Amino acid sequence: MLVDPFKLRHWLNARKYTAAQVADLAGISRETIDALLAGGATTVPPEQVTAVAGALRIDPSQLGERLRGDLTVLHQTPEALHETRRPIQRDGIHFYNYYSMVAPTGRIAPVILDILCPAGRLPALNNGHLEPAITVNLGPGDIHGRWGEQLSAQTWQVLAASSGVDAWITGDSYIEPSYCPHAYSLATERPARIVSYTGQSNIAALADEVNGWSDTAFAAYLERLDRGLNPGDVFDLLIARRGYDRQGVSAAAGVSSQELAAAIADPLSGLATFRAVGRAVGIDYRLLLPPERRHDDVGKTCFSLDEARTSKRRFGPYEVASMASAPHLPDLTGLFLRVDADRAGGEADLVEPAECHYLVTTGEATLEWLDAAGEVRAARLPADASAWVGPFVRHRWSGHASLLKFGSGAHVGYLDLVELTNTYNPAATARRGRRDRASWGHDG
C-alpha cells in the first residue's frame, strides 16, 4: 500500500503522537516511519500500515495516498465516451443507454442517457439517489419526465427540446433533490438524450456517519428533522451544547428575553439580536437565518427553454444562458455556453472556485489551460467530447461551438466558503496546511 506522507503527518499532529511513539506502538522501526513521512517508501507491507493505523486509532484507508500527477484538466474524446455505453434493462424493455463523461478517479462524473422508453408508455420509476442533480434535455426530441406514483402536473410533465431558435440552448432543465424517484420516456417518435449532472452531496458524510448511530440516537436526531429544523430548535441545540438555556443566553448577550423571543419568531428582523448572542456564546448566527427555497411540491426546480432564452447575456467573449438553479442547492450550477470567436494567446479567461465539467454539443472548440508546471496546454474537442477542469485552473475556449458547463461543490464549495469566512487567518492556514510536513512541535 502507498502511504500519503501528508496524511500521516496530519494524523500524528492531530493525535499528538511523535514519530518515535507511533513506531514503538506499531512495532516497526523509526526509520520506516521517517521514510513514510519523507514519501520515500514506495510500497509498505499491509500489516505495517495496519499497525501504524492502529497506533493512531484510524482506519488504514485514511493513510492511503491520493492520486498524484497533473489533475488540472482531463479531457475525453467522443469515441471514449461511446465506449462507456452500457444498456439498462428496466420494466421488461431496453430502457436507457448510459454514457460517462470524463472525471478524475474517485469523483462523480456526469452521465448522458439515450431515452429509449417509447412514447405512450409510462416509464417505471427508479428509487432516486442521495446526490442532487441537474438534468438537461439534449434533444432532438421532447421527453416526458415522471417523479411520482400519482400523476399530476408536477409529477408528469414534458421537458422540451430546442425547436431550432437558439439551438445552442438545447432544452428544458431542472434540478432534482436527494432521493427523488424519477424516470423518463420519449414524448414523440423523435429520439432524445439527456445529461444528468449528479453533484456532490453536502450531507454525504453525515449520511454515512448516522449508519453507525444507535437506533435511539437516530430517533432523537430524526425528531428534530421532522419538525423542520426551525430556528428555535436549532438555537436550543446550539446553546444547550454550551451549557446555556434561553434565559442564560439573554443575560450573557445583554439582550432581553423579549428581544430573544422576537428574534426566534422572526429571524430576519432579529439579526442584531442573533449577532449579539453569537458573539457572546460562540455560535454562527447565520445558522439561525431561514434558507431561501425555490421548488415545487416534489422538490424539483424547473427552468424552461423560454426562461433560458430570456437569460441570454454576454460573459466575456462568450454568449451564455442559464440552466435551472436553486438557492437551497447553491453548489449545483449549470450554464449553456456558446463559443463564437477564434481567440489565440492572451490571458486565460475562466477561473472557477470548484471543479467544472464541460460537454461539447455542437461544433468544435479548443480548450487551453495552464498545467501544473504553468505551461499552456491545448486540446481540440469536437461534439460529444468532454472535459473536467480543476478548481482555480485558468482556462479558456476558442473556436465555434456550443457547450454545456456544470459545476458542483467538490471544493471549494458552499460549505468550504462558510468555513473559510469563519477561519482565523485563512491564507496562513491554507499555506501551512498544504502538503504539511511540519510536526506539531514535540518531535525530537
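**Strands, rings and cysteines in the predicted model**

Strand β10, spanning residues 192-198, is largely enclosed by the rest of the structure, because six of its seven residues are buried. Which strands pair with β10? One is strand β4 (residues 111-115), which runs antiparallel to β10 and is joined to it by five bridges. Within that pairing, valine 111 stands opposite serine 196 of β10. Strand β5 (residues 133-140) also pairs with β10, again in the antiparallel sense, this time over seven bridges. Here glycine 139 has arginine 193 of β10 as its bridge partner.

Next come the aromatic side chains. The structure holds eight aromatic pairs. One of them joins tyrosine 96 and tyrosine 98, an edge-to-face pair with 5.8 Å from centre to centre and 90° between the planes. How exposed are these two tyrosines? Tyrosine 96 has a relative accessible area of 3%, so it is buried. Tyrosine 98, with a relative accessible area of 22%, is partly exposed. Another pair is made by phenylalanine 218 and tyrosine 221, whose ring centres are 5.9 Å apart; with the planes at 50°, the pair counts as tilted. Both phenylalanine 218 and tyrosine 221 belong to helix α7 (residues 215-226), where they are three residues apart, or about one turn of the helix. Phenylalanine 218 is partly exposed, because its relative accessibility is 32%. Tyrosine 221 is likewise partly exposed, at a relative accessible area of 24%.

Tyr96 and Tyr98 also belong to one aromatic cluster together with Phe95. A second case of charge over ring involves tryptophan 147, with lysine 300 lying over its face at 4.4 Å from the ring centre.

What about the cysteines? The disulfide count comes to zero. Cysteine 180 is in no disulfide either; its nearest cysteine sulfur is that of cysteine 302, 10.0 Å away. Are these side chains buried or exposed? Cysteine 117 is buried, because its relative accessibility is 0%. Cysteine 180 counts as buried too, at 5% relative accessibility.

Finally, a look at leucine 12, which sits in helix α1 (residues 5-15). With a relative accessible area of 1%, leucine 12 is buried. Which residues does leucine 12 touch, leaving aside those up to four places away in sequence? The contacts are Tyr17, Thr18, Ala19, Val22, Leu37, Leu56 and Trp440. The C-alpha atoms of leucine 12 and serine 439 are separated by 7.7 Å, although the two residues are 427 residues apart along the chain.

Methods
Residues numbered from 1 in each chain as written. Predicted model: local features only at pLDDT ≥ 70, side-chain atom pairs only at ≥ 80, totals over all residues. Heavy atoms only, no water. Phe/Tyr/Trp six-rings, centres within 6.5 Å; stacked < 30°, edge-to-face > 60°. Buried < 20%, exposed > 50% of the residue type's maximum accessible area, 1.4 Å probe, protein only. Helix = DSSP H or I, 4+ residues; strand = E, 2+ residues; numbered from the N terminus. Lys NZ or Arg CZ within 6 Å of the ring centre and 35° of its normal. Disulfide = S-S within 2.5 Å. Pairing = 2+ DSSP bridges. Contact = heavy atoms within 4.5 Å.
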